[in-house]
Number of protein chains: 2
Amino acid sequence: MIEKNTELKIIEAARKVFLVRGYSGARMQDIADEAGINKAMLHYYFRNKDKLFESIFSESVNNIRDIFSQSLNSEKEIDNTLINFIATYSEFIKNNRYLPSFIINEMQQGSEMVEDLFKKNIKMYPIEFIKKLKKEQSLGTLEKYDPLQIIVSIIGLCLFPVLAQPVLKILFDYDDNKYDKFLTERVAFLQKFIIKGLKK
Amino acid sequence: MIEKNTELKIIEAARKVFLVRGYSGARMQDIADEAGINKAMLHYYFRNKDKLFESIFSESVNNIRDIFSQSLNSEKEIDNTLINFIATYSEFIKNNRYLPSFIINEMQQGSEMVEDLFKKNIKMYPIEFIKKLKKEQSLGTLEKYDPLQIIVSIIGLCLFPVLAQPVLKILFDYDDNKYDKFLTERVAFLQKFIIKGLKK
DNA sequence: TTTGTATTCAACTATTTGGTTAAATTATTT
DNA sequence: AAATAATTTAACCAAATAGTTGAATACAAA
(Lines give C-alpha, C1' and ligand atoms only; values in the text may rest on other atoms or scores of the structure.)
Protein backbone atom coordinates (compact mmCIF):
# COMPACT_ATOMS: atom_id res chain seq x y z
CA MET A 1 0.00 0.00 0.00
CA ILE A 2 1.29 3.42 -0.93
CA GLU A 3 1.39 5.89 1.92
CA LYS A 4 0.18 9.28 0.80
CA ASN A 5 2.06 11.47 3.24
CA THR A 6 5.43 9.82 3.36
CA GLU A 7 7.25 13.08 2.71
CA LEU A 8 5.38 14.78 5.52
CA LYS A 9 6.08 11.88 7.85
CA ILE A 10 9.77 12.14 7.02
CA ILE A 11 9.81 15.87 7.66
CA GLU A 12 8.08 15.43 11.01
CA ALA A 13 10.43 12.65 12.06
CA ALA A 14 13.50 14.56 10.90
CA ARG A 15 12.33 17.63 12.78
CA LYS A 16 11.96 15.64 15.96
CA VAL A 17 15.38 13.99 15.71
CA PHE A 18 17.40 16.94 14.40
CA LEU A 19 15.98 19.45 16.87
CA VAL A 20 16.93 17.34 19.87
CA ARG A 21 20.13 15.70 18.69
CA GLY A 22 21.51 18.29 16.28
CA TYR A 23 23.10 17.54 12.94
CA SER A 24 25.99 15.44 14.19
CA GLY A 25 23.93 13.58 16.77
CA ALA A 26 21.10 12.72 14.40
CA ARG A 27 21.11 9.29 12.75
CA MET A 28 19.39 8.63 9.46
CA GLN A 29 18.26 5.28 10.83
CA ASP A 30 16.62 7.00 13.82
CA ILE A 31 14.75 9.34 11.50
CA ALA A 32 13.58 6.41 9.39
CA ASP A 33 12.43 4.52 12.48
CA GLU A 34 10.66 7.59 13.83
CA ALA A 35 8.87 7.99 10.49
CA GLY A 36 8.04 4.29 10.37
CA ILE A 37 9.72 3.77 7.01
CA ASN A 38 12.77 2.25 5.45
CA LYS A 39 16.07 4.11 5.54
CA ALA A 40 16.31 4.14 1.76
CA MET A 41 13.13 6.18 1.59
CA LEU A 42 14.94 9.09 3.14
CA HIS A 43 17.35 9.11 0.24
CA TYR A 44 14.51 8.76 -2.20
CA TYR A 45 12.74 11.88 -0.96
CA PHE A 46 15.83 13.80 0.12
CA ARG A 47 19.09 13.11 -1.62
CA ASN A 48 21.15 12.93 1.56
CA LYS A 49 21.47 13.93 5.21
CA ASP A 50 22.58 17.44 4.32
CA LYS A 51 19.54 18.13 2.15
CA LEU A 52 17.19 16.80 4.80
CA PHE A 53 18.91 18.85 7.45
CA GLU A 54 18.78 21.95 5.29
CA SER A 55 15.02 21.76 4.96
CA ILE A 56 14.56 21.33 8.72
CA PHE A 57 17.00 24.08 9.60
CA SER A 58 15.53 26.55 7.12
CA GLU A 59 12.04 25.80 8.33
CA SER A 60 13.18 26.38 11.92
CA VAL A 61 14.77 29.72 11.15
CA ASN A 62 11.63 30.79 9.33
CA ASN A 63 9.46 29.82 12.28
CA ILE A 64 11.57 31.81 14.72
CA ARG A 65 11.61 34.81 12.41
CA ASP A 66 7.86 34.75 11.82
CA ILE A 67 6.83 34.50 15.44
CA PHE A 68 9.37 37.15 16.33
CA SER A 69 8.33 39.84 13.90
CA GLN A 70 4.69 38.91 14.27
CA SER A 71 4.62 39.25 18.06
CA LEU A 72 6.82 42.34 18.05
CA ASN A 73 4.77 44.45 15.65
CA SER A 74 1.21 43.76 16.72
CA GLU A 75 0.55 46.62 19.11
CA LYS A 76 1.06 50.33 18.75
CA GLU A 77 1.88 51.60 22.21
CA ILE A 78 5.25 50.65 23.75
CA ASP A 79 3.92 49.12 26.99
CA ASN A 80 1.44 46.98 25.13
CA THR A 81 4.05 46.07 22.55
CA LEU A 82 6.26 44.75 25.32
CA ILE A 83 3.49 42.99 27.22
CA ASN A 84 2.21 41.39 24.07
CA PHE A 85 5.64 40.32 22.85
CA ILE A 86 6.63 38.73 26.16
CA ALA A 87 3.40 36.75 26.34
CA THR A 88 3.29 35.65 22.70
CA TYR A 89 6.96 34.84 22.38
CA SER A 90 7.09 32.95 25.69
CA GLU A 91 4.09 30.89 24.70
CA PHE A 92 5.58 30.02 21.34
CA ILE A 93 8.93 29.05 22.83
CA LYS A 94 7.26 26.93 25.47
CA ASN A 95 5.53 24.99 22.71
CA ASN A 96 8.72 24.76 20.67
CA ARG A 97 11.26 23.93 23.36
CA TYR A 98 14.03 22.73 21.11
CA LEU A 99 13.89 25.37 18.42
CA PRO A 100 16.14 27.99 20.06
CA SER A 101 18.86 25.63 21.23
CA PHE A 102 18.84 23.86 17.88
CA ILE A 103 19.50 27.05 15.94
CA ILE A 104 21.96 28.47 18.45
CA ASN A 105 23.90 25.26 18.53
CA GLU A 106 24.17 24.64 14.86
CA MET A 107 25.26 28.25 14.44
CA GLN A 108 27.89 27.71 17.11
CA GLN A 109 29.55 25.06 14.96
CA GLY A 110 30.38 27.71 12.41
CA SER A 111 29.78 25.62 9.30
CA GLU A 112 29.51 27.59 6.09
CA MET A 113 26.34 25.77 5.03
CA VAL A 114 24.46 26.50 8.24
CA GLU A 115 25.51 30.13 8.32
CA ASP A 116 24.39 30.63 4.71
CA LEU A 117 21.02 29.03 5.39
CA PHE A 118 20.57 31.26 8.41
CA LYS A 119 21.44 34.44 6.53
CA LYS A 120 19.20 33.47 3.64
CA ASN A 121 16.17 32.82 5.84
CA ILE A 122 16.40 35.24 8.72
CA LYS A 123 16.18 38.67 7.04
CA MET A 124 14.92 40.51 10.07
CA TYR A 125 15.88 43.65 11.87
CA PRO A 126 13.47 45.11 14.44
CA ILE A 127 13.61 48.56 12.93
CA GLU A 128 10.08 49.57 13.93
CA PHE A 129 10.55 48.50 17.51
CA ILE A 130 13.83 50.40 17.75
CA LYS A 131 12.11 53.52 16.45
CA LYS A 132 9.45 53.15 19.10
CA LEU A 133 12.09 52.77 21.81
CA LYS A 134 14.07 55.77 20.64
CA LYS A 135 10.98 57.93 20.51
CA GLU A 136 10.10 57.07 24.10
CA GLN A 137 13.71 57.67 25.11
CA SER A 138 13.73 61.14 23.59
CA LEU A 139 10.40 61.85 25.29
CA GLY A 140 12.08 60.95 28.57
CA THR A 141 9.72 58.09 29.48
CA LEU A 142 12.34 55.37 28.98
CA GLU A 143 15.96 55.14 30.15
CA LYS A 144 18.41 55.86 27.35
CA TYR A 145 19.79 52.35 27.00
CA ASP A 146 21.20 51.01 23.74
CA PRO A 147 18.15 49.54 21.94
CA LEU A 148 20.06 46.40 21.01
CA GLN A 149 20.94 45.80 24.66
CA ILE A 150 17.25 46.06 25.43
CA ILE A 151 16.22 43.66 22.70
CA VAL A 152 18.86 41.09 23.61
CA SER A 153 17.71 41.33 27.21
CA ILE A 154 14.05 40.78 26.45
CA ILE A 155 14.71 37.84 24.17
CA GLY A 156 17.20 36.37 26.58
CA LEU A 157 14.83 36.65 29.50
CA CYS A 158 12.19 34.76 27.53
CA LEU A 159 14.50 32.17 26.00
CA PHE A 160 16.96 31.34 28.72
CA PRO A 161 14.66 29.39 31.05
CA VAL A 162 13.72 27.19 28.12
CA LEU A 163 17.26 26.84 26.80
CA ALA A 164 18.54 25.89 30.23
CA GLN A 165 15.48 23.91 31.26
CA PRO A 166 17.25 20.58 31.89
CA VAL A 167 19.94 22.31 33.93
CA LEU A 168 17.56 24.46 35.94
CA LYS A 169 15.20 21.60 36.68
CA ILE A 170 17.98 19.76 38.43
CA LEU A 171 19.36 22.86 40.14
CA PHE A 172 15.98 23.75 41.58
CA ASP A 173 14.83 20.17 41.97
CA TYR A 174 11.69 20.90 39.94
CA ASP A 175 9.69 18.19 38.16
CA ASP A 176 7.91 18.78 34.85
CA ASN A 177 4.79 20.18 36.47
CA LYS A 178 6.63 22.56 38.72
CA TYR A 179 8.80 23.78 35.89
CA ASP A 180 5.78 24.30 33.71
CA LYS A 181 4.23 26.38 36.45
CA PHE A 182 7.48 28.29 36.77
CA LEU A 183 7.37 29.16 33.06
CA THR A 184 3.72 30.14 33.20
CA GLU A 185 4.27 32.46 36.16
CA ARG A 186 7.33 33.89 34.50
CA VAL A 187 5.30 35.77 31.90
CA ALA A 188 3.70 38.11 34.44
CA PHE A 189 6.99 38.46 36.27
CA LEU A 190 8.84 39.45 33.10
CA GLN A 191 6.21 41.93 32.02
CA LYS A 192 6.56 43.77 35.32
CA PHE A 193 10.33 43.36 35.73
CA ILE A 194 11.21 44.47 32.20
CA ILE A 195 8.93 47.49 32.12
CA LYS A 196 10.17 48.59 35.54
CA GLY A 197 13.75 48.22 34.37
CA LEU A 198 13.20 50.25 31.22
CA LYS A 199 11.01 53.09 32.53
CA LYS A 200 12.67 56.27 33.64
CA MET B 1 61.87 11.82 23.89
CA ILE B 2 59.13 11.45 26.46
CA GLU B 3 56.75 14.36 26.68
CA LYS B 4 56.14 15.24 30.29
CA ASN B 5 52.70 16.81 30.00
CA THR B 6 50.97 14.52 27.56
CA GLU B 7 47.98 14.06 29.82
CA LEU B 8 47.61 17.81 30.21
CA LYS B 9 47.93 18.32 26.47
CA ILE B 10 45.21 15.74 25.89
CA ILE B 11 42.93 17.40 28.41
CA GLU B 12 43.44 20.79 26.82
CA ALA B 13 42.84 19.46 23.33
CA ALA B 14 39.79 17.49 24.40
CA ARG B 15 38.40 20.55 26.14
CA LYS B 16 38.79 22.60 23.00
CA VAL B 17 37.14 20.04 20.74
CA PHE B 18 34.36 18.84 23.05
CA LEU B 19 33.29 22.34 24.12
CA VAL B 20 32.77 23.50 20.56
CA ARG B 21 31.58 20.32 18.86
CA GLY B 22 29.84 18.52 21.72
CA TYR B 23 30.08 14.82 22.43
CA SER B 24 28.62 13.56 19.17
CA GLY B 25 30.42 16.12 17.03
CA ALA B 26 33.84 15.52 18.57
CA ARG B 27 36.25 13.17 16.78
CA MET B 28 38.96 11.32 18.63
CA GLN B 29 41.28 11.97 15.70
CA ASP B 30 40.65 15.71 15.95
CA ILE B 31 41.51 15.65 19.63
CA ALA B 32 44.70 13.71 18.92
CA ASP B 33 45.67 16.15 16.17
CA GLU B 34 44.91 19.13 18.38
CA ALA B 35 47.13 17.63 21.10
CA GLY B 36 49.84 16.82 18.60
CA ILE B 37 49.89 13.14 19.50
CA ASN B 38 48.84 9.79 18.14
CA LYS B 39 45.28 8.65 18.42
CA ALA B 40 46.27 5.57 20.41
CA MET B 41 47.62 7.82 23.16
CA LEU B 42 44.11 8.95 23.92
CA HIS B 43 43.16 5.39 24.71
CA TYR B 44 46.30 4.91 26.73
CA TYR B 45 45.53 7.82 29.06
CA PHE B 46 41.75 7.58 28.87
CA ARG B 47 40.17 4.24 28.16
CA ASN B 48 37.68 5.55 25.62
CA LYS B 49 35.75 8.53 24.32
CA ASP B 50 33.24 8.34 27.15
CA LYS B 51 35.89 8.49 29.86
CA LEU B 52 37.62 11.42 28.20
CA PHE B 53 34.33 13.20 27.80
CA GLU B 54 33.42 12.55 31.40
CA SER B 55 36.53 14.27 32.67
CA ILE B 56 35.96 17.31 30.46
CA PHE B 57 32.28 17.55 31.31
CA SER B 58 32.87 17.18 35.06
CA GLU B 59 35.59 19.78 34.97
CA SER B 60 33.26 22.14 33.09
CA VAL B 61 30.44 21.74 35.58
CA ASN B 62 32.89 22.36 38.42
CA ASN B 63 34.16 25.51 36.76
CA ILE B 64 30.69 26.92 36.32
CA ARG B 65 29.74 26.04 39.88
CA ASP B 66 32.88 27.59 41.36
CA ILE B 67 32.69 30.89 39.53
CA PHE B 68 28.99 31.05 40.30
CA SER B 69 29.12 30.58 44.06
CA GLN B 70 32.33 32.55 44.28
CA SER B 71 31.00 35.64 42.51
CA LEU B 72 27.63 35.44 44.23
CA ASN B 73 28.85 35.34 47.80
CA SER B 74 31.66 37.88 47.83
CA GLU B 75 29.86 40.99 49.02
CA LYS B 76 27.58 41.62 51.93
CA GLU B 77 25.16 44.28 50.79
CA ILE B 78 22.56 43.35 48.14
CA ASP B 79 23.37 46.11 45.63
CA ASN B 80 27.06 45.30 45.77
CA THR B 81 26.35 41.61 45.61
CA LEU B 82 24.45 42.15 42.38
CA ILE B 83 26.94 44.57 40.87
CA ASN B 84 29.83 42.30 41.73
CA PHE B 85 28.10 39.17 40.45
CA ILE B 86 27.15 40.69 37.11
CA ALA B 87 30.69 41.95 36.51
CA THR B 88 32.52 38.83 37.66
CA TYR B 89 30.19 36.34 36.02
CA SER B 90 30.06 38.26 32.72
CA GLU B 91 33.84 38.47 32.60
CA PHE B 92 34.20 34.76 33.27
CA ILE B 93 31.66 33.80 30.63
CA LYS B 94 33.26 36.09 28.08
CA ASN B 95 36.55 34.26 28.63
CA ASN B 96 34.83 30.87 28.53
CA ARG B 97 32.45 31.33 25.61
CA TYR B 98 31.67 27.70 25.01
CA LEU B 99 31.21 26.51 28.56
CA PRO B 100 27.52 27.41 28.98
CA SER B 101 26.33 26.10 25.63
CA PHE B 102 28.36 22.93 26.08
CA ILE B 103 26.73 22.08 29.40
CA ILE B 104 23.25 23.16 28.35
CA ASN B 105 23.47 21.16 25.16
CA GLU B 106 24.75 17.95 26.57
CA MET B 107 22.08 18.16 29.25
CA GLN B 108 19.48 18.66 26.54
CA GLN B 109 20.32 15.25 25.09
CA GLY B 110 19.04 13.65 28.25
CA SER B 111 21.63 10.90 28.50
CA GLU B 112 21.78 9.15 31.86
CA MET B 113 25.56 9.46 32.06
CA VAL B 114 25.61 13.21 31.50
CA GLU B 115 22.81 13.84 33.92
CA ASP B 116 24.52 11.81 36.62
CA LEU B 117 27.80 13.65 36.11
CA PHE B 118 25.98 16.93 36.38
CA LYS B 119 24.17 16.01 39.57
CA LYS B 120 27.35 14.66 41.10
CA ASN B 121 29.36 17.80 40.39
CA ILE B 122 26.96 20.70 40.65
CA LYS B 123 25.79 20.59 44.28
CA MET B 124 24.85 24.22 44.50
CA TYR B 125 21.84 26.12 45.67
CA PRO B 126 22.12 29.89 46.19
CA ILE B 127 20.62 29.74 49.66
CA GLU B 128 22.51 32.73 51.04
CA PHE B 129 21.57 34.93 48.12
CA ILE B 130 17.93 33.94 48.41
CA LYS B 131 17.98 34.85 52.10
CA LYS B 132 19.42 38.23 51.22
CA LEU B 133 16.69 38.80 48.62
CA LYS B 134 13.90 37.77 50.96
CA LYS B 135 15.18 40.02 53.70
CA GLU B 136 15.18 43.03 51.38
CA GLN B 137 11.73 42.06 50.15
CA SER B 138 10.34 41.95 53.67
CA LEU B 139 12.00 45.29 54.38
CA GLY B 140 10.14 46.63 51.36
CA THR B 141 13.22 47.72 49.39
CA LEU B 142 12.80 45.07 46.71
CA GLU B 143 9.74 43.96 44.75
CA LYS B 144 8.32 40.68 46.03
CA TYR B 145 9.28 38.54 43.02
CA ASP B 146 9.94 34.81 43.30
CA PRO B 147 13.69 34.60 44.12
CA LEU B 148 14.19 31.86 41.55
CA GLN B 149 12.67 34.03 38.83
CA ILE B 150 15.16 36.70 39.82
CA ILE B 151 18.12 34.37 39.74
CA VAL B 152 17.18 32.83 36.40
CA SER B 153 16.79 36.34 35.02
CA ILE B 154 20.17 37.56 36.17
CA ILE B 155 21.99 34.50 34.92
CA GLY B 156 20.07 34.54 31.65
CA LEU B 157 20.83 38.21 31.06
CA CYS B 158 24.54 37.49 31.49
CA LEU B 159 24.63 34.23 29.56
CA PHE B 160 22.29 34.76 26.65
CA PRO B 161 24.38 37.21 24.62
CA VAL B 162 27.26 34.73 24.78
CA LEU B 163 25.09 31.68 24.09
CA ALA B 164 23.53 33.34 21.08
CA GLN B 165 26.65 35.17 19.97
CA PRO B 166 26.87 33.67 16.45
CA VAL B 167 23.19 34.34 15.86
CA LEU B 168 23.23 37.87 17.21
CA LYS B 169 26.38 38.83 15.34
CA ILE B 170 24.64 38.10 12.06
CA LEU B 171 21.35 39.66 13.12
CA PHE B 172 23.04 42.93 14.13
CA ASP B 173 25.74 42.68 11.48
CA TYR B 174 28.44 43.04 14.14
CA ASP B 175 32.03 41.90 13.63
CA ASP B 176 34.16 40.46 16.44
CA ASN B 177 35.31 43.87 17.66
CA LYS B 178 31.86 45.37 17.70
CA TYR B 179 30.43 42.38 19.50
CA ASP B 180 33.20 42.47 22.05
CA LYS B 181 32.40 46.11 22.69
CA PHE B 182 28.73 45.19 22.99
CA LEU B 183 29.55 42.64 25.68
CA THR B 184 31.81 45.03 27.54
CA GLU B 185 29.19 47.78 27.57
CA ARG B 186 26.56 45.28 28.61
CA VAL B 187 27.95 44.94 32.13
CA ALA B 188 27.13 48.53 33.09
CA PHE B 189 23.78 48.30 31.32
CA LEU B 190 22.83 45.13 33.21
CA GLN B 191 23.87 46.50 36.58
CA LYS B 192 21.55 49.46 36.10
CA PHE B 193 18.71 47.61 34.37
CA ILE B 194 18.55 44.75 36.85
CA ILE B 195 18.71 46.87 39.98
CA LYS B 196 16.05 49.21 38.58
CA GLY B 197 13.86 46.24 37.77
CA LEU B 198 14.19 44.75 41.24
CA LYS B 199 13.93 47.84 43.42
CA LYS B 200 10.57 48.82 44.78
C1' DT C 1 75.22 -1.49 32.30
C1' DT C 2 71.10 -3.98 32.99
C1' DT C 3 66.47 -4.44 34.08
C1' DG C 4 61.93 -3.04 34.49
C1' DT C 5 58.46 0.40 33.65
C1' DA C 6 56.25 4.08 31.39
C1' DT C 7 55.51 6.24 27.02
C1' DT C 8 54.89 6.52 22.09
C1' DC C 9 53.67 5.10 17.56
C1' DA C 10 52.23 2.74 13.01
C1' DA C 11 49.33 -0.37 11.45
C1' DC C 12 45.55 -2.89 12.20
C1' DT C 13 40.41 -4.43 13.34
C1' DA C 14 35.52 -3.78 14.47
C1' DT C 15 31.60 -1.03 14.41
C1' DT C 16 28.77 2.57 13.10
C1' DT C 17 26.71 5.11 9.74
C1' DG C 18 25.58 7.37 5.30
C1' DG C 19 24.43 6.05 0.92
C1' DT C 20 23.23 2.76 -3.31
C1' DT C 21 20.87 -0.61 -6.08
C1' DA C 22 17.94 -3.70 -8.22
C1' DA C 23 13.88 -5.89 -7.71
C1' DA C 24 9.09 -5.93 -6.06
C1' DT C 25 4.86 -3.63 -5.28
C1' DT C 26 1.34 -0.23 -5.93
C1' DA C 27 -0.85 3.47 -8.43
C1' DT C 28 -1.98 5.89 -12.73
C1' DT C 29 -2.64 6.41 -17.53
C1' DT C 30 -3.71 4.66 -22.06
C1' DA D 1 -6.11 -5.10 -19.49
C1' DA D 2 -1.55 -3.37 -20.62
C1' DA D 3 1.88 -0.14 -20.19
C1' DT D 4 4.05 3.31 -17.67
C1' DA D 5 5.33 5.77 -13.65
C1' DA D 6 5.74 6.27 -8.78
C1' DT D 7 6.66 4.19 -4.39
C1' DT D 8 8.72 0.89 -1.24
C1' DT D 9 11.85 -2.54 0.41
C1' DA D 10 15.82 -5.79 1.62
C1' DA D 11 20.23 -6.42 0.94
C1' DC D 12 24.18 -4.48 -0.06
C1' DC D 13 28.60 -1.15 -0.31
C1' DA D 14 31.81 2.55 1.08
C1' DA D 15 33.45 5.74 4.20
C1' DA D 16 34.14 7.40 8.68
C1' DT D 17 35.26 6.53 13.22
C1' DA D 18 36.20 4.22 17.75
C1' DG D 19 39.17 1.15 19.62
C1' DT D 20 43.35 -2.54 19.76
C1' DT D 21 47.89 -4.46 19.50
C1' DG D 22 52.61 -5.33 19.52
C1' DA D 23 56.87 -3.48 18.78
C1' DA D 24 60.00 0.38 19.56
C1' DT D 25 61.75 3.98 22.41
C1' DA D 26 62.91 6.67 26.50
C1' DC D 27 63.51 6.91 31.29
C1' DA D 28 64.54 5.50 36.13
C1' DA D 29 66.20 2.35 39.45
C1' DA D 30 69.20 -1.50 40.64
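1. How many helices and how many strands make up the secondary structure of chain A? In this predicted model, chain A has 11 helices and zero strands, so its elements read α-α-α-α-α-α-α-α-α-α-α from the N terminus on. Here helices (H or I, at least four residues) and strands (E, at least two) are DSSP runs, numbered from the N terminus.

2. Some conventions apply throughout. Residues are numbered from 1 along each chain as its sequence is written, and chains are lettered from A and ligands numbered from 1 in the order in which they are written. Because the model is predicted, local features need pLDDT of at least 70 and side-chain atom pairs count only at pLDDT 80 or more, while totals for chains, interfaces and linings use all residues; side-chain values use heavy atoms, with hydrogens and water left out.

3. The C-alpha trace of chain A spans about 65 × 40 × 30 Å along its principal axes. Of its 200 residues, 52% count as buried. Buried means under 20% relative accessible area, exposed over 50%, and partly exposed in between (1.4 Å probe, protein chains only). Among contacts (heavy atoms within 4.5 Å) in chain A between residues at least 6 apart in sequence, 66% join residues at least 24 apart.

4. Helix 1 of chain B, residues 6-25, deserves attention. A straight helix of 20 residues would span 28 Å at 1.5 Å a residue, yet this one spans only 23 Å between its end C-alpha atoms; the expected span is 1.5 Å times one less than the number of residues. The helix has a kink of about 80° centred on B:Leu19. The bend at a residue is the angle between axes fitted to the seven residues ending there and the seven starting there.

5. An α-helix has 3.6 residues a turn, so residues three or four places apart point the same way.

6. The largest pocket holds about 730 Å³ of space. On a 1 Å grid over the protein atoms alone, a pocket is an open set of points where a 1.4 Å probe fits, with protein on both sides within 12 Å along at least five of seven lines; lining residues have an atom within 4 Å of a point. Grid points are joined across faces, edges and corners, and the volume is the space filled by probe spheres set on the points.

7. The lining of the largest pocket comprises 38 residues, with A:Arg21, A:Ser24, A:Gly25, B:Arg21 and B:Ser24 nearest its centre. Helix 1, helix 4, helix 6 and helix 7 (112-122) of both chain A and chain B each give two or more residues to the lining. The largest share, eight residues, comes from helix 1 of chain B. By type, the lining has 15 nonpolar, 16 polar and seven charged residues; Ala, Val, Leu, Ile, Met, Phe, Trp, Tyr, Cys and Pro count as nonpolar, Asp, Glu, Lys and Arg as charged, and the others, Gly among them, as polar.

8. Two residues show contacts across the chains. B:Ser153 lies in helix 9 (residues 147-163) of chain B and is buried, at 1% relative accessibility. A:Tyr125, in the loop between helix 7 and helix 8 of chain A, is partly exposed at 39%; with the same exclusion, A:Tyr125 touches A:Ile130, A:Leu148, B:Leu171 and B:Phe172.

9. Finally, A:Asp173 has a positive phi of about 55° although it is not a glycine. A:Asp173 sits in the loop between helix 10 (165-172) and helix 11 (176-198) of chain A and is exposed, at 65% relative accessibility.
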